[in-house]
Amino acid sequence: MSYSLDPLQDDCYENSSILKNKFNLKDEEKLNAMEQSLTSMLIAQAYINIPFENVDFNFYKKLHNYVFSDIYEWAGTNRKVDMSKKGTKFCPKDKIEE
């Protein structure tokens, strides 16, 4: 299942709610498969290799970058759009820093 976004956002391909990505995948199923494959491995590696100490906002941004930077240019930065996935709403963009 894809992310739920406003298809007019700059972070999506034209006339779609598919996030722009480094693989230029515009097919939802292919992007989901790529994301799941890459992030599953990186999350497992993070669990083993990254000490979860001094966990703060910057730690989570670095972790997000570690997990998603192979797929998305914006990984580890503050989100500029509101989104949800599989019915779960992510923190609103204007509340992330809080």
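Tutor: Let's start with Asp 82, which has 39% relative accessibility and so counts as partly exposed (buried is under 20% relative accessible area, exposed over 50%, and partly exposed lies in between, using a 1.4 Å probe and protein chains only). Keep in mind that this is a predicted model, where local features need pLDDT of at least 70, side-chain atom pairs count only at pLDDT 80 or more, and totals for chains, interfaces and linings use all residues. Residues are numbered from 1 along each chain as its sequence is written, and side-chain values use heavy atoms, with hydrogens and water left out.

Asp 82 pairs up with Lys 93 in a salt bridge, at 3.7 Å from N to O (the rule asks for a side-chain nitrogen of Lys or Arg within 4 Å of a carboxyl oxygen of Asp or Glu). This pair ties together distant parts of the chain, 11 residues apart: Asp 82 sits in the loop between helix H2 (57–68) and strand E2 (84–85), while Lys 93 is in the segment after strand E3 (88–89). Those labels come from DSSP runs, numbered from the N terminus: helices are H or I with at least four residues, strands are E with at least two. Lys 93 is partly exposed too, at 38%.

The rule gives 2 salt bridges in total. In the other one, Lys 95 meets Glu 98, with the closest N and O atoms 4.0 Å apart. Here Lys 95 is partly exposed, at 41%, whereas Glu 98 is exposed, with 75% relative accessible area.
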